[in-house]
Amino acid sequence: RRDGTEMVLSYAISEVTIKDERLLTCIFRDITNEQQASARFRTLFQRSGQPTLLFSDSGLIDCNQAAIDIYGLGSREAVLALNPADVATPLQYDGRSSAETAFEHLEPALRTGSHVFEWRHQRPSGEIWDAEVHLMAFQHKGKTLLQFSLQDITSRKKAEQALRESEERWKFALEGAGDGVWDWNIRTGHAVYSRRWKEMIGFAESEIENSASEWSDRVHPEDKPRVMMAIQDHIDGNTSSAMIEFRMRCKDGRWRWTLGRGMVVSRDSEGKAIRLVGTNTDITERKRAEADLRVAATAFESQEGMIITDIDQRILRINRACSEITGYSPEEAVGQTPRLFSSGRHDAAFYREMWASIEERGAWKGELWNRRKNGEVYPEWFSISAVKGEDGKVSHYVASFIDISQRKTAEDEIKHLAFYDPLTHLPNRRLLMDRLRHALIAGSRSDSSGALLFIDLDNFKTLNDTLGHGKGDLLLESVARRLTASIREEDTVARLGGDEFVVMLEGLSLNLNDAAAQVRLVGEKILQALNEHHDLAELSYHSTASIGITLFAHQTDTVDELLKRADLAMYQAKAAGRNTLRFFDPDMQAVVMARVALEADLREGLQQNHFALHFQPQVAADGSIVGAEALLRWAHPRRGMIPPLEFIPLAEETGLILPLGNWVLETACARLKVWAASANTAQLTLAVNVSARQFRHPDFVEQVLAVLERSGADPQRLELELTESLLLEDVEGVIAKMTALKVRGVCFSLDDFGTGYSSLSYLKRLPLDQLKIDQSFVRDVLTDPNDAAIARTIVALGQSMGLVVIAEGVETRQQRDFLAANGCSNYQGYLFGRPVPADEFEQLLNRA
Ligand code: C2E
Ligand code: MG
Ligand code: MG
């Protein structure tokens, strides 16, 4: 760890596939705290009533209370402080020292895991006692541990001694003891068993025959060869006594473990054994405890859920983690089979295969869906291993598992890491590419285009080198925030790495020139946002960026190709002096540049007063001029007269329409004021075109009233021409504004009527004075029956609503007559006069 302490980790490495991409996940767990686990083991160990000592290769490492008692030393520490040599006090036993004897028994214990022998021991008080030692060897955390369990067999030893001294006395000496006693005449095959011996295997006094086959038939067939060999060895005089653990069949057919000891008590003159006497001790409980211990050593408590079952899959024990994961307490689980946890998601074949693997290889690992007590089904990483007893046979199954729904959460985090930039939390290159691919597919299906803006900060390296990476990171975070704020929610900002960002716009116009204009506005907005000072923790920093743009509409381009183009364009922006944007497509660039130039010209034109109003007469049914429409003209110093349709859309896009519209209003009102002074012109109305963007400005009403006020023009002579596009949104707001002006006397005309999609119900609610039949219908009114019908309908509609109907674009007498015949009252068009400067218009009036 960072603080220098060591820890133990458990690693689980697995493969996750996210969108066809293969990632390796490494999940690790701190398992240092397995002291808890050893605590579990200790409890078992402590509970044992037999004095037990635990050795590792470093010496005596633990002992239980019973051991403390037997040494009479009072405390565990005192026992642990004993010199190993003193643990086994070197006393003579069968002519050899205890230490020597102990060493001799070590080898078989290590080989088979367990071994029993006797030795003689001296208490600190000097008292000598006989012990039966159960030596067990097992592995724990890669170390071999040796466990010595001692059992005081002094009284039994004494009994055996007595037996040797007097054949007849043994019955009295032993009948009351816990051991069963037998006496076997080898020559005759006759055997005598004590009552306790018979009880031990479940028989009553009278039920057992006095024959040697009675016991030998009861020995477990697997144990029999060992038993026979041990007896033969002793009879042959190779051992001082026969002592062996084996299983015996009880009356009810079950097996009980016993420790059998036997000794030849008489031999003939040739030394051949005649009589063998001995005892059997029931050690079933001890065996079970040993197995428990072995299981405990294998299945140490951990954060993994653990289940221990017997050979029939009955749950013997579960650990705390298992309870936590499954929701079942040990009381609920013990005695059941693991089917308790089954989710029903796996079929019989699945479990069959699992058990086949356990049988064959002793283990199975895999993902398993189980069900918690609360019904929730969840995934586990499961492993089952078979635990074998000292006889090499499976005695238990140990299952361990982890709840991998947590791993799924980890996978989500990995997913975030895989798709988002950790510093700015913006999508990374991978996610951008993914979205771009989708956009290309979606774009080819819908009728819209998109754009990629490649943004690179200017001189970022200098900031990093001079002020450090900390400040650099702060700038990147600040840039990320501003980029996100500059775009719509449905667009994407990604960080490619370093100081490179990409913005992806979708849903742009399919007309690439229009799309280019839309993107340019976004690009400029971004440049401007990035140009503002950044607050980098006590440092106000000014930064600029260069942007390369490419448009995409169809799936004809690859994602990489698009990114490369945007990148190339970005270099052109750098080359052009930075803090600017460039399009990849030269034509697009030209269109955009032309617009940029036009915009600059517009601004200048406004300043230099290059604009003028022309006036076109509007006439009544009798041909008399009743008013005029003011039409805007731009007298460009180099390009000459520019018609309004070439610059009004751009003025609307850039917002320049606001000052321009205001100028038109002021000029028109000034003209009205002039007209009011002369009898010839005093009754004329003046129509002024108002664009939707201008009308929607929150201050529109106030501005019109202010202009009227300043100029002193009569509001009743002013007629505002609105278009149907205004009615596409917020009709209530439009009505409110119109009404506010209407009460001051201002009139309203609906221009280009018939080309839009106004709903008649709205139309009825608008405080209008006049409908203007669009010139497209007038043009073909004599040749196209549809146009004629529309024109007629508009006239009828206007009349029914009490509105004046005026036709625009009237060029011929026939058009006028047709319209007149259908009830149209007013006209405007070349037939009556072209739009002309004010002085010309006034001359025209005078002539009329
Ligand atoms: P509009 O308001 O429908 O204006 C009528 C257009 O028809 C004018 O074109 C006019 O010159 C033209 N016109 C008039 N009589 C005839 C005719 O007999 N035959 C033909 N073929 N055309 C005729 P102009 O002046 O080019 O204006 C075009 C449009 O620009 C206007 O359409 C109006 O929507 C807009 N516009 C003009 N001045 C302004 C202005 O001051 N503010 C705003 N927002 N828009 C304006
Ligand atoms: Mg008009
Ligand atoms: Mg019009």
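Predicted model: local features only at pLDDT ≥ 70, side-chain atom pairs only at ≥ 80, totals over all residues.
## Residues around ligand 1

The shell around ligand 1 holds 22 residues. Gln616, Asp751, Gln775, Glu811 and Tyr830 come nearest. By class, the shell residues divide into 9 nonpolar, 6 polar and 7 charged.

## Polar contacts

Gln775 places a polar side-chain atom 2.7 Å from an oxygen atom of ligand 1. Gln775 is also among the residues that come nearest to the ligand. For Arg633, a polar side-chain atom lies 2.9 Å from an oxygen atom of ligand 1.

Tyr830 contributes through its backbone. A polar backbone atom of Tyr830 is 2.9 Å from an oxygen atom of ligand 1. Tyr830, like Gln775, is listed among the nearest residues.

## Burial and contributing elements

How much of ligand 1 does the protein bury? Taken alone, ligand 1 exposes 790 Å², and the protein buries 84% of that.

Strand 28 gives the most, with 4 residues.

## Helix 19 and helix 21

Helix 19 spans residues 512-531, and helix 21 spans residues 586-608. Their axes come within 10 Å. They cross at roughly 60 degrees. The two helices are therefore oblique to each other. An angle of 65 to 115 degrees would count as roughly perpendicular, and one under 35 degrees as roughly parallel. The crossing of helix 19 and helix 21 is right-handed.

## Helix 25 and helix 26

Helix 25 covers residues 700-711, and helix 26 covers residues 731-742. Their axes also come within 10 Å, and the crossing angle is roughly 20 degrees. That makes helix 25 roughly parallel to helix 26. Helix 25 passes helix 26 in a right-handed crossing.

Conventions:
Residues numbered from 1 in each chain as written. Chains lettered and ligands numbered in written order. Heavy atoms only, no water. Near = heavy atom within 4 Å. Polar contact = N/O pair within 3.5 Å; in protein donor to acceptor, adjacent residues only side chain to side chain. Areas by Shrake-Rupley, 256 points an atom, 1.4 Å probe, with all protein chains shown as cover. Nonpolar A, V, L, I, M, F, W, Y, C, P; charged D, E, K, R; others polar. Axes fitted to C-alpha atoms, helices over the stretch in contact; angles between N-to-C directions. Parallel < 35°, antiparallel > 145°, perpendicular 65-115°, else oblique. Left-handed = near helix turned anticlockwise from the far one by under 90°.
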